[in-house]
Amino acid sequence: LAIEDPKIAFAYLRPSCVLLTKEPTAANVEALSGHLRSVSDGALQQLQDYVLFPLRFVLRSPGSKREGLVQAVLEVMMYVLENTCVASWDSLRDLFSELCLCLCSPKDPGKPATTSEELKLAVLRCLDALLHSVYGDIVLNSMSQACCLDLEPLCRFFWHSQKEHVEPRQDERYLLGHTLATFLPGISRAQSLVISGDVRQGHAVTVKAMRVWYKVVGLVMADEQLQKTDNDVAAGDLGRVEELVVKRTPSWCKATSQRLALVLPKIISCTSSHPHWRVRLELVNLSHFLLSQCSQSVGECVGPLLEALVGAINDEEPEVKRRCNAALDEMAQKGQTNGGQDFTDVLSENLHSLASSLPRLMRTSDDQHKLFVLNVFLGYLKILGPKVDAVLTSAVHLERISKALMQVMEMDVTDVKIIEEKTLTSSTNLGPDMHQIPSQRKYFLYFTDDKIFSALRKICRMLGCYGNLYLLVDRFMELYKESSVYRKQAALVLNEVIVGAAGIGVETNTSRIDCSRANHSRTSQENLKSSIMSIIEEYISLSNWHLPTVSEALEGKLESTTSLVSNNPERNCLQLLPASKSPMLHQLNSNIWQICTDFHVLLMTTLYPMLEKAGDESLLVSQAAFSATCDLCKNSDYLLNDVSLNLARPSIHPHAPRVLAVMFAHSDASLLPPVADVVQDVLTALDLSYDQRAPQFCSVLHSLMKALVRWFPATLGHQKTPSKETQNKECVNLRQFLLDYKKQKELAEGIGVEEEEPNDLEKKELPLHIQIAKDVMERCIHLLSDPNLGIRLKVVKSLLCVCVLCEREDELLPMVHRCWPALLHRLTKDDPLAVPRAFKVLCVLGESCGDFLRTCLSKEVLPHLTSSLMKQAEVSARSEPVYTHTQAYKLQLAVLQGLGPLCVKLHLMEADLDRVIDTCLQCLSCRQPIRLQEACLSVFRSLMDLDCDLCWFSLNELCCPVTYEPPHPHLLPVTLTGSDTPTNQFTDNILTLLQEFEEDAT
């Protein structure tokens, strides 16, 4: 049981206390601690001073002391203070001083001691127990000037705990503020050092330090307190100490506000981008508290405080954003209650100041601070709301904001290549999925983070939402025309302003600042349409539409890039693209166009020019337009009339064929009926001016043929495997078979091609796509012998689509026969660039026509191809690695890759097959380039389907790895030529093929 009687307790504790005084050791401290736990709290209260004396004596004793001893003493003192109360000011002062000295250097009390963290923690716990044990009247006494002048740490610790444990009255708060004013510099400096400390100290420490700082500053500099005078406070007779007492006079307030204005930016910069959201939340609380409590006394700090508060309005943490919105709503309401003008003026001036410094900050700050600054800018616009219109009517504000946006959004063009990237893959090859092409990324000179660009877009949209649309459009169009340096930035800003004016992608809060005008911010449909039309007219004007970007070598003239209107289906938006030598995308949401009542008028104005650039040679321009051509067939009626008229005026509209090519590339079969007449116009124009306009028209025809193949897919190879019933009928009707064979042979020899059968007039009319394909093929046959290599290459590409005629063999075979002489010339005597493509056409014809081409290939093509391969094989076997970059190698590879399937389709046999095998054997050499060896292996794998025995025998003649013994002694041994041949350059590839052959045979 605990000792209740103070006398008995005294007698019980006295020996331990005396012994500790004589011998200050850790063991004696532990002994005293054990005895204290046997004494009740009531008895210990009466013996408090007596028990604390030996412990304090140990702390005050001169000389160095072991940290273990000091820590043990502090733990015993903490136990005593936690279980008793301090009823004397003198005891509080002495104990507090002695405990604080434990943290100071013995030689220089003004500096901290180099002690362990455990000892510091023990001192702090003991101080905390001391402050919790103080009586209330002693607390009030601690606020007097005479007592606190030498106890600045006590004021700090007391203030740290007073909010939770002591709720002072109004007069007591004034007395505390008057007292703490003397120690404000030290408190502010100490807490700011903690706030700006290493992030590894943890967010809780930073939050506590921030809270102490703004609570002390808010109490000392409170507007309500500074309305009184400190001369009314009775301080007693302080003597010379009175010179150190601070009186909160107007001059002192102004000087203190200026000093705080130096400390505050450092605190904001360290906490505004802190990784932990609770620190950012505490910054919001700091800003709100000081703005609400002392906005008049700290006038120099109002700007940074408001900036910090506004910067958190776009914080990613919902709690921070919610608290910030609530604080801003309160500040706005307070400004309205006081007339509203002051708060708006402050916001306006801050916005002007920030716009002035924005370019410099974007050049010198890191990405985190840049994002914070832009969020502050955006926050000002959100708070001002409809009053942004009034701010922008100031010429100074409009000039500063517009120029700041132009400088901040300057493009980075350092990645422009010496050789401009072109659309080597034709738009016709992209098919209906072209909208999935990713848009070109924008690169800016002063930032790389996408979040920064997103913040800039939000700023522009907010300006469009709340500003005067006509004023903004006029200003940025003026900058657009003023200099080519501003052109891309101005167009970007204009597009986002239009988006904001339509109310798309804009976060608004109508509860702030003059909410009665919230509806006024919504731009009328007529104003929106008028602004869009003025922008479009400027973009498609001749001065902007034809800006040179790339020289077209094939056509020998400069192409132009333009401002484009394109569609991004993922965001369901149209895009306006002003282009210069570095074209950039600028997004404009399609909802803007759709909410306009005359949307179709806008579509008629922009769709044709946009498609004209969709076929541009420049990859940047064409990709910008590709994403706009989704669902083009739905809007084809807006284009056909313009295309038809412009085709007839080539000198004025030289790019009309390009529009038609893009339409074919990005539409479906429903486009064919309405466009049939336009196709006939193209064919007629080609017939009349093929020498001048053939390159453009050939591109259109190729796009058309690719579209027909895509819209009307046909199975290649007309010779289908017949069913059993059909086989039986064919076997019986031998006469019909022989007649058909005779007809095919005559057609192959050119007999009867021009003759018309008597029942031609009775034939049914051809389907539209077959008739169009036939008409196109007629022109391709004539142009296949054109002296211009570029035209021949385009025509050959169109012939690759001949498979569209497969379903009508009676149309396909005569067309192939007429085409053959010119194609043969391309295969045997043309430029090395044209031969591979012509051979690819031959492979397609082989799949489509089959036996029809066997004789022609055997007599006219195969001898030339095999002889060329034989000669080139000798060259490639001795070649260096650079040979793989030559045109001869590419031709050799293309022929070998297509030769095997071609032989299979045409069912080559006997002498023709022998010729192919003998030629390809030379390419099995290990000295050949790797890809040529692989292509040659693929030829043999295909030929095995035709005559595996011949292939096996030919390979063994060159290299026979196995000796074949006769199964009976009377039989003669079989000896192949390759049996006695030593290992050579062909061995490896031949063994590979023979092994595959054995595996297939088993």
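Residues 24 or more positions apart account for 74% of the contacts (heavy atoms within 4.5 Å) in the chain with a separation of 6 or more. The model is predicted, so local features need pLDDT of at least 70 and side-chain atom pairs pLDDT 80 or more, while totals for chains, interfaces and linings use all residues. Numbering runs from 1 along each chain as its sequence is written, and side-chain values use heavy atoms, without hydrogens and water.

The chain contains 46 helices and 5 strands, taken as DSSP runs numbered from the N terminus (H or I, at least four residues; E, at least two). Of its 1002 residues, 50% count as buried, that is, under 20% relative accessible area, with exposed over 50% and partly exposed in between (1.4 Å probe, protein chains only).

The largest nonpolar core, with 118 residues, has Phe664 and Leu924 as the members with the most contacts inside it. Such a core joins buried Ala, Val, Leu, Ile, Met, Phe, Trp, Tyr and Cys residues through side-chain atoms within 4.5 Å. A second, separate core of 115 residues includes Val284, Val298, Ala490 and Ile536. Beyond its neighbours within four places in sequence, Leu924 touches residues including Phe940, Leu955, Phe986 and Leu993.

Aromatic pairs (ring centres of Phe, Tyr and the six-membered ring of Trp within 6.5 Å; planes under 30 degrees apart stacked, over 60 edge-to-face, the rest tilted) number 7. Phe444 and Phe447 are stacked, because their centres lie 4.7 Å apart and their planes meet at 15°.

The structure holds 24 salt bridges, each a side-chain nitrogen of Lys or Arg within 4 Å of a carboxyl oxygen of Asp or Glu. Three of them are listed below.

| Salt bridge | N to O distance |
|---|---|
| Asp90 and Arg93 | 3.3 Å |
| Glu538 and Lys481 | 3.7 Å |
| Arg826 and Asp830 | 2.3 Å |

Glu538 in helix α26 (residues 525-539) and Lys481 in helix α24 (residues 469-482) are 57 residues apart, and their pair links distant parts of the chain. Glu538 is buried at 15% relative accessibility, whereas Lys481 is exposed at 55%. Arg826 is buried, with a relative accessible area of 5%, and Asp830 is buried at 15%. Salt bridges that share partners join Arg56, Arg60, Asp90, Arg93, Asp94 and Glu98 into one network.
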